[in-house]
Amino acid sequence: RLQYETRVHSEPRAPASDRRTAMDSTQARASRRLLRLTATVACGWDDSGSELTRPAESPDRGLRAGAVAASIAEQEGAAIGRLTAMRVVLFDVGKRGVPLGSEGEVQRVFARHGLEPIVVRAVDEIPEDTQILATMGAQIDIGVLARVPKLKLVAVAFTGTDHVDISACKSRRIAVVHVPSYSTDATAELAIGLVLEHLRKLPLCHQIISEGSWACPQQEDLRSKAVGIVGVGKIGLRLTEIFRTFKVRSIVGYSITQPEEFGAMGGIWADSLAELFFDADIVCVCVPLNMSTEGLVSDRLMNLLRPGSLLVNVSRGNVVDEVALVKHLNQRRFRAALDVFSIEPLPGDSPLRSVPPGTLLMTPHIGYQSEASLAKRLEVTVKNILAYLAGQPINLVTA
């Protein structure tokens, strides 16, 4: 290993054109080496074929092997990046999303792994010979793909990929990777915070005192509530865990997949969305946006919510019918809390801005923006690129 790394660092670089032409063969060699090293660790044999010294039974050997394999893939990818001077084009966010980090931080992290980041802010700024394109929220559609015929990888610096034309990427054999579960805790915690703000009327309490008064608006206990969770994935499960610590009256879930952990935490599966909306005092929406979930929370479902109930959306704006939501909030039929919107940033003339006071809490899509979440996003985005360069892609959306 040391000899390999020394050779990569010490040998003079070939011309850029030669380095880029050699990328595929370099990836193939790295892939074969990665597979050999992973197999030797997983099976407990060294490269010479002699058995390694270890306990007869090692229950966590598979986990260690997986960690070693990931580490090897990152190192191989970094070596390939240095050898080929691999350029990564960062398609800047525009008005949506947040950058991977400060310019200096991104430069340091990418350079440490042998990658050369180039920030562009418009489609016509993307170099035509781009092979790796990272998006922090910018749309990757057919128009973008047509400009980069040599593109091999789209690295999405989000969990959701609704802003990427996945079908077009598949047809062009372009790999798409994303960053799963990096903001699970942050998003779940925000949902809980929005619920508590509504129940304890914290914004109103602050306003009362700021205006020189001293009065207590009506307060509600979370423990007395029945909670419904739409979409019991990573965020839904984390919400279940947190709500359980508050000892809420019941937790009902509705999800295409039904993880066993939900039932183990006392969750009960609803037979239909209608049942969940009819029975719950609080409904938290945590589903990804796709063709089957767009407009999922419809006018008909919202009609089933009882007066005084609370609808919380921390998924994507288009999952909820915003026109119907505005109608119900203007009638004060129930309350809502939104971290996501169909158009972001929210337009100044959006009807959501003028619903009656106390019916709606809004935050500017901050669910994923905790310091720890953003640091993890940068780390995993780089790992995704390195693993792809090593011929062992991880977190693939396209298969």
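What span should the 12 residues of α10 have at 1.5 Å a residue, and how far apart are its end C-alpha atoms?

1. Span of α10. The model is a predicted one. At 1.5 Å a residue, the 12 residues of α10 should span 16 Å, and the end C-alpha atoms of α10 lie 17 Å apart, so the two values agree. The helix covers residues 234-245. Lys 247 follows α10 and has a positive phi, near 55 degrees.

2. Overall content. The protein chain has 15 helices and 12 strands. Of its 399 residues, 47% count as buried. Among contacts between residues at least 6 apart in sequence, 66% join residues at least 24 apart.

3. Packing of α8 on α10. Helix α8 (residues 184-200) packs against α10 at an angle of about 50 degrees, and the two axes are 9 Å apart. The angle is therefore classed as oblique for α8 and α10. The crossing of α8 past α10 is right-handed.

4. Residues in that contact. On the α8 side are Thr 184, Asp 185, Thr 187, Ala 188, Ala 191, Ile 192 and Val 195; they meet Lys 234, Ile 235, Arg 238, Leu 239, Ile 242 and Phe 243 of α10. By class, this contact of α8 with α10 holds eight nonpolar, two polar and three charged residues.

5. Buried side of α10. Gly 236, Leu 237, Leu 239, Thr 240, Ile 242 and Phe 243 are the buried residues of α10. Besides α8, the buried residues of α10 pack against β6 (226-230), β7 (250-254), α11 (260-264) and β9 (282-285).

6. Packing of α8 on α9. Helix α9 spans residues 202-210, and its axis comes within 6 Å of that of α8, with a crossing at roughly 55 degrees. This makes α8 oblique to α9 as well. The contact joins Leu 196, Glu 197 and Arg 200 in α8 to Leu 202, Pro 203 and Cys 205 in α9. Its residues divide into four nonpolar, no polar and two charged.

7. Pro 357. This residue sits in the loop between β11 (335-338) and β12 (360-362). Pro 357 counts as exposed because its relative accessibility is 69%, the cut-off being over 50%. The C-alpha atom of Pro 357 is separated by 9.4 Å from that of Leu 204, although the two residues are 153 apart along the chain.

Note on methods:
Residues numbered from 1 in each chain as written. Predicted model: local features only at pLDDT ≥ 70, side-chain atom pairs only at ≥ 80, totals over all residues. Heavy atoms only, no water. Axes fitted to C-alpha atoms, helices over the stretch in contact; angles between N-to-C directions. Helix = DSSP H or I, 4+ residues; strand = E, 2+ residues; numbered from the N terminus. Parallel < 35°, antiparallel > 145°, perpendicular 65-115°, else oblique. Left-handed = near helix turned anticlockwise from the far one by under 90°. Contact = heavy atoms within 4.5 Å. Nonpolar A, V, L, I, M, F, W, Y, C, P; charged D, E, K, R; others polar. Expected span 1.5 Å × (residues − 1). Buried < 20%, exposed > 50% of the residue type's maximum accessible area, 1.4 Å probe, protein only.
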